[in-house]
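Please look through the model shown here slowly, with the sequence beside it, and follow the paragraphs below one region at a time.

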Amino acid sequence: MSLRLLAWSALALLGAVLPWIASDYYIDVASQVLIYAIFALGLNVLVGYAGLVSLGHAGIFGVAAYAAAWLVAAGFGHLPAALAALVAIVLVSALYALLSLRATGIGFLMITLAIGQILWGLAYRWIDVTGGDNGISVPSRPAPFGLSLMSAPSFYGFTVLVFLLAVLSMSGFVRSPFGASLKGTRDQPRRMTALGYNVWCIRFAAFLFSGFWSGVAGLLFCYDEQFVSPGMLTLGSSAEVLLMVIAGGSGTLAGPVVGAALVVIMKNVASAYIVRWNLVLGIIFVAIVMFMPEGLVPGSARLARWAYAEWQRRRRAPAALGSER
Amino acid sequence: MNQGLLLAVNSIAMGGLLFLLASGFSLVFGLMRIPNLTHGSFFMLGGYLGISVLGKGPDTLSQVSLWLGVGGLPPDLAFWLAALLAAAALAVVGGAIERLLLRRLAGQELAQVLVTLGLSFIIADLCLMTWQGDPIPLSPPPTLRGSLPIGHVVFPIYRLATVLIAVAVAVALWLVLDRTRLGAMIRAGVDDPVMARVSGIRVSRLFTLVFALGAGLAGFAGVIGALILSVEPGLDTDMLPLALIVVILGGTGSLPGAFVGSFVVAFLENFGQAWRPEFAYFMLFLPMLLVLLLRPQGLFGRHAP
Amino acid sequence: MAFQVDRRTFLAGAAAATLPLAPAIAEDAGVRIGLLTVKTGPLAQGGIQMEQGIALFLKQRKSLLAGRKAELIVADTGGNPAGAKTKAQELIERDRVDVIVGPLAAFELLAITAYIAQSRVPLLSLAAADDMTQRKPNPFFCRASSTSSQCNHPLADYAAKEMKLKRMATISEDFAFGYEQAGGFQRVFEDEGGRIVKKLWPPLNTADYTPFLAQIEGVDGVWNGFAGSNPIRFNQQYAELGLKAKYPVCGGWTAYDDALLKSFGDEAVGAVSASWYSSDLDTPSNKAFVAGMVEDYGNIPGGYAAGTFINGMCIEAALEKTGGKTEDKAALMAALRAVALKDTPRGPFRFDHLGNVVGNVFIRKIERKGGKLVNTIVKTYADVSQFWTYDEKAYLAEPVYSRDYPPLKS
């Protein structure tokens, strides 16, 4: 336990002093890690706690970014654009949920994939609205309460705030009765129905919660890049965030964050040294699904516990060990 | 007028190619209950291997061509040999993936899907490493060159040939499924895996065989497809969604479903691109969504995914 | 085996390992030239040649420019705007380059222009986005190749006057470079009495052009603006569907670039195109350039390689003026824009006050000579400006060429 606390404090400290010790480039990478961590935390609500695997979440991520970018490019201020984007996030999440919750398992996965592809198709080809391959440029970042976010450290600070909000809301959600009942629908949907719970309603609310944070991440991404393009909505983008959740450990809070850090750092930093980073990611992913299906965070914790217990056991009974065999 | 005719002829040709791609996908989906997200990668890898066997690639694998002596063969024969070799290679790859990876996750369908997803990342990067980023076109063998007049338009022969190849493959697959013991076992497995197992069919060996068959078909389709599409990075993620739509429309595990679905998708894509380009993909994926929602078992299938 | 670590990234990696997060502090490492290019996807064919062109230039100068050592750092954008942004950031913030050559595509350039102006790093681009030197000029930008429309203005003049075409269709990729090329062609062609009756826009990653080609009817010629490796597929399918026999075809410089000739077959013979570069041009520096390319890479070079080679010459000339200094970016930029060279692979050129090139445009026709395809120069338009023969003020008062501008006259 104390080890975990130590790890978290070290990370928090690093996060806090980063703007003073790192160059703009690494600060920006850190912002991206946090943005994808929010995205992965959002998806994790469904994958980890509801047992519903979505391969279309990039659609929500993208719609949020496009809504804001389109409105800003059309001359609206950042505040109305962001508010409208939030409304769009809720609407599109509700649409996803209404359509996809008719099924679970592979069926759910296929429906979310289809919706994601439809949204990608519109972003890619409905040129009059989306600009297609040309994308939409966002000339500036918002300035909440007059504080400009144009510099890398200030934007990082803003992202940290949103990230902390997301983590707080997630941990509250996990401990709440609602979180418990969602896990119930994952493990024992029939029993939950028999107990009088409305499984569909619980899942619907969970989808909105999941979609909301995924969309917020999309909004942050649009401010970070100051540019949106159909690449955000591809099947590959949906797969990547799912990879983060599964690799880090679904159904935990730290897992998706670690997964996001792994992928973003591989992509941005390691890619300069390891040309075949995609291959490495793929191998890591397959290995995790095969051998550590609970993900890196719970998996390493399990290994550490096992090693510790083994060490204790050997220390206590070194003589007994030999005679056992 | 000519425009509609040309689009229709091209749709039929593309439909043939899509059937080659989707038939194997459908069998795997029907039997093992999982969408194999590596299927597009199998198609791309098949195309690349075919190109290398013909000695057209930029890679060291093209040496294989010399070693096999393909260069010395008549070009027509060499082309078909390349297609068959690619199919065989992919069948081995597919069989190995089922045996070594998916088998260990038997019964955990979501985990299996995730493994195929991870594998698609790996294959895409291996292809990029081996064949680099340039699109590689493959020119048709001599007997399939030239164009044929149809009404007031002319149309390249090799594209028409894909329909004939597709029909031949469809007939062969139908014979296997309908007339052989293996086919009977596959059908039984698709219909009811529990009953099939109880009645003494070794379902696990069946899975390996069907997965290898599906991968082999995808590899074969990749070589035929290289004539029309040229092979390049990203071809995998272009083709996988098309195979998905076809199989969802037609119904998983259904051969007639895959056949009809292929042509429906090809027509939607061709006419969509020409007449409503801004909604081309919308019109392609909307039917898939509608079928998933309203008739999850597809037009000809028996099971919802 | 699976991990290719090249020397540069290895050195950078070693540096990063000792100083994990601190900003890279360069001891006089020399002039750092960043290249933003595309090494994957349909535009990779051109992107790889961009790298070859500047690499050959540095090799010919023995990596010494105005007495300083020059180092090249290559970044692959993947041929999309988001990738261009990320890689530009990497080059500027991590690798601390003094000047950037690239990117390749107009839509990549448009995604990074604001960032470049903000970070004040001189950019010499092959990307042709018109407005970069027109309505939204960027003070840290100059372009020695051409705007998207620059070569298509004279091409339209040639199509109307010499090819005597009256009704044409245009087909080009559905992105900024395509719109601006087609727009330039349409404007001049229609000003000289011709008529564009159909504009087609297949997406960049189109495998099968048939659905688009099926719509070409009732014209007497076709213009295309394809780029990268797409021209190979386009011309093949254009011929297979029997269109080549009916409608003569012409195109921009990327559509019939000299470097593509080895990949074309008979389907491209007779195609007319306009380019700011020709490998046939008889100048000393072009001879040396072509010979070097053939020797090092076994290819006749086209505009992509020539473009970055010429960019290298511009950097060299500017450094000579600043005495090799790169710290004062504004002075370096002013020196770059003042460059006017007599002997380059494209012939003499200078920059206008917006940083865009004024130079020759060649009209070429593909012919088969001795079993090989060649781009024979049939006409040279001298000193072509980005505004063609129009008045600059009036030209800039109109909107930039786009998907719907100029509109089709119905």
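Predicted model: local features only at pLDDT ≥ 70, side-chain atom pairs only at ≥ 80, totals over all residues.

**Strands, helices and chain contacts**

In strand 14 of chain C, Arg350(C) has Val358(C) as its bridge partner. Residues are numbered from 1 along each chain as its sequence is written, and chains are lettered from A and ligands numbered from 1 in the order in which they are written.

Strands 13 and 14 of chain C form a hairpin with five residues between the strands, and in this hairpin Gly355(C) takes a positive phi near 95°. Strand 14 of chain C also pairs with strand 15 (residues 372–384) of chain C, in the antiparallel sense and over ten bridges, and within this pairing Val361(C) has Tyr381(C) as its bridge partner in strand 15 of chain C. The hairpin of strand 14 and strand 15 of chain C has two residues between the strands, and Gly370(C) in the turn has a positive phi of about 60°. Strand 11 (residues 272–275) of chain C pairs with strand 14 (residues 357–369) of chain C as well, in the antiparallel sense over four bridges, with Ser273(C) standing opposite Arg364(C).

Chain C also holds an open sheet of six strands, in the order 2-3-1-4-5-6 and with mixed pairing. Strand 2 (64–65) and strand 6 (141–142) of chain C stand at the edges of this sheet with a single partner strand each, so one side of each is left without a neighbour in the sheet. Strand 1 (residues 31–37) and strand 3 (residues 68–76) of chain C run parallel and are joined by seven bridges, and in strand 3 of chain C the bridge partner of Gly34(C) is Ile73(C).

Now turn to the helices. Two packed helices are described by the angle between their axes and the distance between the axes. Axes are lines fitted to C-alpha atoms, for helices over the stretch in contact, and angles run from 0 to 180 degrees between N-to-C directions. In chain A, helix 2 (residues 24–50) and helix 10 (residues 199–225) pack at an angle of about 165°, with their axes 9 Å apart. Helix 2 and helix 10 of chain A are therefore roughly antiparallel to each other, on a scale where angles under 35 degrees count as roughly parallel, over 145 as roughly antiparallel, 65 to 115 as roughly perpendicular and the rest as oblique. The residues of this contact of helix 2 with helix 10 of chain A divide into 18 nonpolar, five polar and two charged, where Ala, Val, Leu, Ile, Met, Phe, Trp, Tyr, Cys and Pro count as nonpolar, Asp, Glu, Lys and Arg as charged, and the others, Gly among them, as polar.

In chain B, the axes of helix 7 (residues 181–191) and helix 9 (residues 203–229) come within 11 Å and cross at roughly 105°, and these helices of chain B are therefore roughly perpendicular to each other. Met185(B), Ile186(B) and Gly189(B) of helix 7 of chain B make the contact with Val203(B), Leu206(B) and Val210(B) of helix 9 of chain B, two residues being in contact if their C-beta atoms, placed from the backbone, lie within 7 Å.

Which chains touch chain B? In chain A, 36 residues are in contact with 38 residues of chain B, and helix 5 of chain A gives the most to this side of chain A, with 14 residues. By class, the side of chain A that touches chain B has 25 nonpolar, seven polar and four charged residues. In chain C, 21 residues are in contact with 22 residues of chain B, and helix 2 (44–60), helix 7 (210–213) and helix 8 (230–240) of chain C each supply at least two residues of that side of chain C. The residues of the side of chain C that touches chain B divide into eight nonpolar, eight polar and five charged.

How values were computed:
Pairing = 2+ DSSP bridges.
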